[in-house]
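Hello,

Here is the structure I promised to pass on. Have a look at it first, and then read my notes below.

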Amino acid sequence: MHRLWSNTRPRLVRFWEGLREWCGDAAYENYRKCAERKGQQSVLSPAEFYVEQLNKKYSRPNRCC
Amino acid sequence: MKRVLQILVWLGLASIAAAALAMIALHRGEPISATWFVLAAVCSYLVAYRLYSAFIAAKLLALDNTRATPSERREDGRDFVPTNKWVLFGHHFAAIAGPGPLVGPTLAAQFGYLPGTLWLIVGAAFAGCVQDFVILFCSIRRDGKTLGEMAREEVSKRGGIIAQLAVLAIMIILLGVVALVIVNALKSSPWATFTLACTIPIALLLGVYLRYVRPGRVLEASLMGVALVLFAVVAGQWVADSAGWSRTFTLSGLTLTFAIIVYGFAASALPVWLLLAPRDYLSAFIKAGAIFTLAAGILLVRPHVLMPPLTRFVDGNGPVFAGKIFPFCFITIACGAISGFHSLISSGTTPKMIQREAHARFIGYGAMLLESFVGVMAMVAACAMTPGVYFAINSPAQIVGAAPEAAAQTISNWGYPLSAATMAGLAHSVGEQTLWNRAGGAPSLAVGMAQIFSTTIGGDRLLSIWYHFAIMFEALFILTVLDAGTRVGRFMIQELGGRVWKPFGRLNWYPAILLSSALIVAAWGYFLYQGVVDPLGGINSLWPLFGISNQLLAAVALVVATTILLKMGRLKWIWVTLFPMVWLVIITMTASYQKIFSHNPRIGFLTFANGLAAQLAAGQIPAAKIVETQRVIFNQRLDAVVTAVLAIMILVLLAEAAVQWHAILSRGQQPVLHETPYVATEWAEGD
């Protein structure tokens, strides 16, 4: 049982991470990491980042027929 | 040994695909199991992916994993974000999968299951997937430039303008047509109308939650939203059962038309976080769930396909829409086989997020194969119902007759037995007042899906819930396209207007926002209105117009791709994009010609308009109908002009490209490629 769990757990974690990335939950964390790596001084707040992303996303065709 | 085994496995898969396709094509008489459709599609896709896409990746495109992609070179955590290929596949698929692959095959089922199924599988493997893959590759090599920008740089300035105009035109026609599908699905259906109306306050609630309470927590908000929407589906039954509420939510086609126009305007003009984005999240989750459930349902139930392989309507006199298999089957099934709109997605967000060039094959080619599979499932769902029921739902009253008994007699005389009692019983069991004359594809697909779902879970008791779940799923899907498309159309109009008068182009100036929103809504709203008042039901005129514009955009994308590949010196393999391009030009030109000039009034816009004009001149139209008839004449002539303009646009682009190709091939001109220079990747293999 323990072995089954230790085999399954990493897969579940990967799936969960993938799901968070797919739906956009992880976008702000990724942005923060990127900003830290690049040593950016000013970083957007979660709400500012969220609105900025939406404004960009919905200004070009992003949903097909 | 391993190699031999691999070859044997792929030979086995190819044999299964061939056998299943032969079974589908040659089977006559008894109903055929849907298992054959699944086998034919899945095995064909696997073989096409393994062999054809690998060939394109290696020989035609020469994908280079040592080359840094835009997401590596320009990583900023905002636009350029390196993304896991499975996650990006999910993003890309969610973006390309719209109502088209569901509605198109459902409408094309009037020819029988065979032509549509073959085109879905073959068209996707050799045309649709190729377009998506090659355009994605071209855009990756140009830092994620759009189709219009690539057309301007690689073909000509005029080519770029044509591509932009084609995008705007297809957007307007598309929005009008998909809105018509919703109107026909909600007309006289209080349950469905209530459920869909509930999604607006639910989306607003989610919007406020995501903006102010827990910014960006999409997953938890969407799950709450999905639960509320599912509750709304169940609550719709209480509304339908209550005499007073039922009256309130029983709306006519025209009322729904104006409601949708007002909604489109609001979604375009309001802040994007308030209504549009949360609805999109809801739609994405329900879309993924419904498609997965449909696939699982078909695999579990393995329904029998009752529609014959070919119906009598291959002669061009179909009640759903008029026209022969060639070219109208290929125009009607656009998105499940090839869709020009996909080239806008492939040259938008996806290329900025891809980690490796090699992932373009999996994402570009693979996601389109999955979309084609959705189309095959829609075909199975539509063809699994009794043919008589299918034609009763999808035929306009003007063709079959308004009275149920007369309509049932007409359909039975076509060779598809049906009684008025059967339709009344079916409408009752799905919780609708009537299912007659519900053209547009959505209600018949919902009946097909509900029958498959209820066989898996709940039986007849849950048929009405499943039907309204399917209607809600389709309508939610379509409204998302509608509001996102209206907003993009608004930006395009502001960009064009900004060239004439600068303040109009300012995206945060409210008068410009309101005016441009009104313009784009008026444009697609007009097509919607003309569809609703059309005596032949609207779908007959508008769906082919949408198909033509979508396939023309695909032709534009393939012209751009072919030009770029010629410049890259890939003459030997140029047929990979050239053949589908030529095929698309042939079908769209033939369809355009027939839609404008055909002598059959149900096909030719001008013949229909001239016939009505002659009746009007001869005084054969009753006084009460004169204004309505004049409006129909104007609409038919307008549709003819729009079709002609679209056809001329592609001819001009082809001429521009032909000049380029001649110059390249005759070596009179050194080809100039506008690729970003090569930069070696710093990521280790396997990152």
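This is a predicted model: local features need pLDDT of at least 70, side-chain atom pairs count only at pLDDT 80 or more; totals for chains, interfaces and linings use all residues.

Among the elements of chain A, helix α2 (residues 27-37) has the highest mean pLDDT, at 93, while helix α1 (residues 2-23) has the lowest, at 91.

Chain B is built from 28 helices and 2 strands. Its radius of gyration is 25 Å, close to the 26 Å that the globule rule gives for 687 residues, so chain B is as compact as a globular protein of that length. Along the principal axes, the C-alpha trace of chain B spans about 70 × 70 × 60 Å. Of the 687 residues in chain B, 56% count as buried. If you count the contacts in chain B with a separation of 6 or more, 82% of them are between residues 24 or more positions apart.

Now to the part where the two chains meet. Here 46 residues of chain B are in contact with 30 residues of chain A. On the chain B side, the elements that give two or more residues are α4 (85-96), α8 (157-186), α9 (190-213), α10 (218-241), α13 (276-301), α15 (340-346) and α23 (463-500) of chain B. By class, that side of chain B has 24 nonpolar, 15 polar and 7 charged residues.

Best wishes

Notes:
Residues are numbered from 1 along each chain as its sequence is written. Chains are lettered from A and ligands numbered from 1 in the order in which they are written. pLDDT is the predictor's confidence in each residue, from 0 to 100. Helices (H or I, at least four residues) and strands (E, at least two) are DSSP runs, numbered from the N terminus. The radius of gyration is taken over C-alpha atoms; the globule rule is 2.2 Å times the number of residues to the power 0.38. A residue is buried if 20 or more other C-beta atoms lie within 10 Å of its own, exposed if 12 or fewer, and partly exposed in between; C-beta atoms are placed from the backbone. Two residues are in contact if their C-beta atoms, placed from the backbone, lie within 7 Å. Ala, Val, Leu, Ile, Met, Phe, Trp, Tyr, Cys and Pro count as nonpolar, Asp, Glu, Lys and Arg as charged, and the others, Gly among them, as polar.
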